[in-house]
Amino acid sequence: MQVALQAQEGKARALNLSLAKAQVQTPVFMPVGTQGCIKALDSNDVSEILGAKIILANTYHMYLRVGIERLKGFGGIHSFANFNGSYLSDSGGFQAFSLNQNTQICEEGISFKSHIDGSKHFFSPEFVLDIQYALNSDIMMVLDDLVGLPASVERLADSVRRTSDWAQRSINYHQKMKQEGRGLSNHLFAIIQGGTDTHFRTLSANSLTNMGDFDGFAIGGLAVGENIEDMYRCIAHTTELMPIHKPRYLMGVGTPENIIESINLGVDMFDCVMPTRNARNGTLFTHFGKINIKVAQYADDKSPIDTQCECYTCQRFSRAYLRHLFRANEITYHRLASLHNLHYYLHLTKGARAAILAGRFKEYRTRFYDLREMETPNEY
């Protein structure tokens, strides 16, 4: 992976990532396509209307729903889903955490029962990469041991140790595959764990950054029960330990405010189900904060969702129409609302990038909060 640091203002950075399928410019938000699609949208919506260059696919769900051999038969997820941009695939570690009633973690990996049919499966660090080779992901994530918070010191220590052990196995396996001519365009990211404890975050970051030539590093294990101040302090501490010349990915976080603050703390890449999930539930993001399209005040409102938005939906439809579609339970609502929310997130990060390149990110961040009538947070 070729990485060019194009500009930096404070800790906020603008990178260019050269991947097999796309040039990805950061800061970037990656829409989540859990089961090979972003819910309610097709590949044309994603590439032509939204202009997204990279999206996320879920290793756990694609393995259970589609399978390795079928993915290989299609040459990977790009052809299977007819999306010509890039993919980042997660490792299944979060599913092991979120579906823990069916999961057992041991030193060799994670055993679990399928939430679909109860069948038994086992994810080792190596097998998780085999699935991602079949997906042909541009960016692959190592298997990690995610911990919910709060957690005991003993559990955090186990998580950091196990995550490092699995990362070492992953980089060894990936290097072996490349020597055999496989995975040459598949880039591998490690995941830093440690809860909100700065001691464990330091141990994890130092272990992983000294381990091998990972293509990038992620901050995992946040937005899992901790308060927001602790999360920001943890991000601020961890980004200081991450290499300058490698992309930094904050996994599964979160709100527009989270994204702006994390860019300010040196994060480059984001993903979250929030824009599409909230859209389906009636919550729409605007420059001025969130609105609930379900409420009666929008029944006769001829204005767009967001007067400052140029998305497909805002250029064509009113709040009143969106409210009608939601209340009528029309599938079209899910598409239009998802297009809007994803456009908002994508343009939030694009705007941040343009501001960094212009040396005006501080003003961009202040303007973001001013429009919401919120105070700009203190530095962490």
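These legends describe close-up views of a predicted model.

Local features here need pLDDT of at least 70, side-chain atom pairs count only at pLDDT 80 or more, and totals for chains, interfaces and linings use all residues. Residues are numbered from 1 along each chain as its sequence is written, and side-chain values use heavy atoms, with hydrogens and water left out.

**View 1. The UniProt "active site" pair, Asp 90 and Asp 271.**
The label comes from an unreviewed UniProt entry. UniProt positions follow the numbering used here, feature names are shortened, and annotations may be inferred rather than shown by experiment. The two residues are spread over 182 residues of sequence, yet they cluster in space, with a largest C-alpha distance of 10.6 Å. Asp 90 and Asp 271 both belong to the lining of the largest pocket. A pocket is an open set of points on a 1 Å grid over the protein atoms alone, where a 1.4 Å probe fits, with protein on both sides within 12 Å along at least five of seven lines; lining residues have an atom within 4 Å of a point.

**View 2. Around Asp 90.**
Asp 90 sits in the loop between strand S7 (86-89) and helix H5 (93-98). Helices (H or I, at least four residues) and strands (E, at least two) are DSSP runs, numbered from the N terminus. With 11% relative accessibility, Asp 90 counts as buried. Buried means under 20% relative accessible area, with a 1.4 Å probe and protein chains only. Neighbours within four places in sequence aside, its contacts include Leu 56, Thr 59, Gln 132 and Met 141. Contact means heavy atoms within 4.5 Å. The side chains of Asp 90 and Asn 58 are joined by a polar contact of 3.0 Å. A polar contact is a pair of N or O atoms within 3.5 Å; within protein, one must be able to donate a hydrogen and the other to accept it, and residues adjacent in sequence count only if both atoms are side-chain atoms.

**View 3. Around Asp 271.**
Asp 271 is part of strand S15 (residues 269-271). Its relative accessible area is 8%, so Asp 271 is buried. Beyond residues up to four places away in sequence, Asp 271 touches Phe 29, Leu 56 and Gly 252, among others. Its side chain makes a polar contact of 2.7 Å with that of Tyr 249.

**View 4. The UniProt "binding site": Cys 309, Cys 311, Cys 314 and His 340.**
This label also comes from an unreviewed entry. The residues span 32 residues in sequence, but no two of their C-alpha atoms are more than 8.5 Å apart, so they gather at one spot. Among them, Cys 309 is in the lining of the second largest pocket. Cys 311 lies in the loop between strand S17 (289-292) and helix H12 (319-327). Cys 314 lies in the loop between S17 and H12. Cys 311 is buried at 1% relative accessibility. Cys 314 is buried too, at 8%. Residues up to four places away in sequence aside, Cys 311 touches His 340 and His 343.

**View 5. Helix H9 (residues 228-239) and what covers it.**
At its start, a side-chain oxygen of Asn 227 comes within 3.2 Å of the backbone nitrogen of Glu 229. Buried residues of H9 include Met 231, Tyr 232 and Ile 235. Their cover includes helix H8 (198-209), strand S13 (216-219) and helix H10 (256-264).

Definitions and conventions
Buried means under 20% relative accessible area, exposed over 50%, partly exposed in between (1.4 Å probe, protein chains only). The expected span of a helix is 1.5 Å times one less than its number of residues.
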